Amino acid sequence: ILAFVFISTSALTISGNIPPVQKLLNSPPEQSKIFPPLPVLAAENSFPVLSAQGALAVDLDSGISLYEKNPDVKLLPASTTKIVTALVVLDSYPLDQIVTVGKVNVIGQKMGLFQGEQITVENLLYGLLVFSANDAAEALANNHPGGYDSFISSMNTKAKELSMINSNFQNPVGLDGNNQITTAKDLIRVSEVAMRNPVFAKIVGTKTIFLSDVTGKITYKLKNINELLGDVPGVMGVKTGWTENARENLVTYIERDGHKIMI
């Protein structure tokens with residue numbers, strides 16, 4: 001009996017979601033923490049059937065997984081890679097730094113940069129995250145203080161710092177590679193951290209933007225390729241991705257009805 005009482009009391013004391021009863025009763029109202037309601041599956045709803053190889057939806061306030069399918073299976077990330085690319089850029093450059101575009105030799109989505117063009121880091125970040133421009137990713141990586149290889153190393157260091165234990169990156173673009181991999185769970189981790197950065201959140205939430213090089217003579221109109229943004233209530237980013245082998249990839253952040261959900 002004594003053991004039961006001790007364990008029961010300890011459980012009340014250490015619970016992360018339920019405050020100690022006695023402490024709650026003795027605390028003045030302004031010091032009592034308000035805990036968000038836990039998500040509950042409505043009786044009339046059922047779990048979806050998805051063709052995706054891996055999927056995960058998390059309620060960020062509670063940390064509860066709302067839906068998961070193979071969340072730890074290693075898959076090709078495609079351009080969701082650029083979330084990590086952007087975080088390394090934000091760590092490495094001031095936004096107003098001017099970089100010079102080197103030889104443009106990349107396939108896939110491009111904003112149309114040319115060799116010798118000078119443009120700010122901030123504008124390249126818009127190209128990277130709004131238009132998913134591969135040439136913007138390459139320009140940012142090539143101008144890294146330690147060079148391209150150092151940029152890739154910094155991406156993998158960032159992944160380790162964020163406990164993306166099943167991820168590895170070989171390029172800043174998201175092109176398929178033998179060891180360019182991530183998981184649904186790892187993408188949730190990095191995206192939740194990225195959306196705390198106001199610069200990142202602003203950029204991925206931008207529907208359309210006009211940019212230019214430093215001379216103002218070269219202009220770009222970039223439209224966000226995330227078709228949910230502005231059309232589905234509460235969607236505020238984060239990143240799309242596609243390659244022939246990876247197929248469709250999508251990380252989405254939603255604020256709706258008092259909930260913050262990362263999918």
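Analyst: The following account treats the pocket, its lining and the sheet beside it in turn. The model is predicted, with local features requiring pLDDT of at least 70 and side-chain atom pairs counting only at pLDDT 80 or more, while totals for chains, interfaces and linings use all residues. Residues are numbered from 1 along each chain as its sequence is written, and side-chain values use heavy atoms, with hydrogens and water left out.

A pocket is here an open set of points on a 1 Å grid over the protein atoms alone, where a 1.4 Å probe fits and protein lies on both sides within 12 Å along at least five of seven lines; lining residues have an atom within 4 Å of a point. Volume is the space filled by probe spheres set on the points, which are joined across faces, edges and corners. The largest pocket holds about 1400 Å³ of space. Its lining comprises 45 residues, and Leu50, Ala55, Leu56, Ala57 and Ile263 lie nearest the centre. By class, 27 of the lining residues are nonpolar, 13 polar and 5 charged (nonpolar: Ala, Val, Leu, Ile, Met, Phe, Trp, Tyr, Cys and Pro; charged: Asp, Glu, Lys and Arg; polar: the others, Gly among them).

Helices (H or I, at least four residues) and strands (E, at least two) are DSSP runs numbered from the N terminus. At least two lining residues come from each of β1 (55-59), β2 (64-69), α7 (184-194), β7 (235-243), β8 (247-256) and β9 (259-262). The largest share, 8 residues, is supplied by β8.

The strands among these elements belong to an open, antiparallel sheet of 5 strands in the order β2-β1-β9-β8-β7, where pairing requires at least two DSSP bridges between two strands. β2 and β7 are the edge strands, each pairing on one side only. Within the sheet, β8 is joined to β7 by 7 bridges and to β9 by 4 bridges. Glu255 stands opposite Lys260 in β9. α7 packs on this sheet and touches β1, β7, β8 and β9, its direction making about 40° with that of β1; contact means heavy atoms within 4.5 Å, and angles run from 0 to 180 degrees between N-to-C directions of axes fitted to C-alpha atoms, for helices over the stretch in contact.

In β7, 7 of 9 residues are buried, that is, under 20% relative accessible area with a 1.4 Å probe and protein chains only.

Methods:
Buried < 20%, exposed > 50% of the residue type's maximum accessible area, 1.4 Å probe, protein only.
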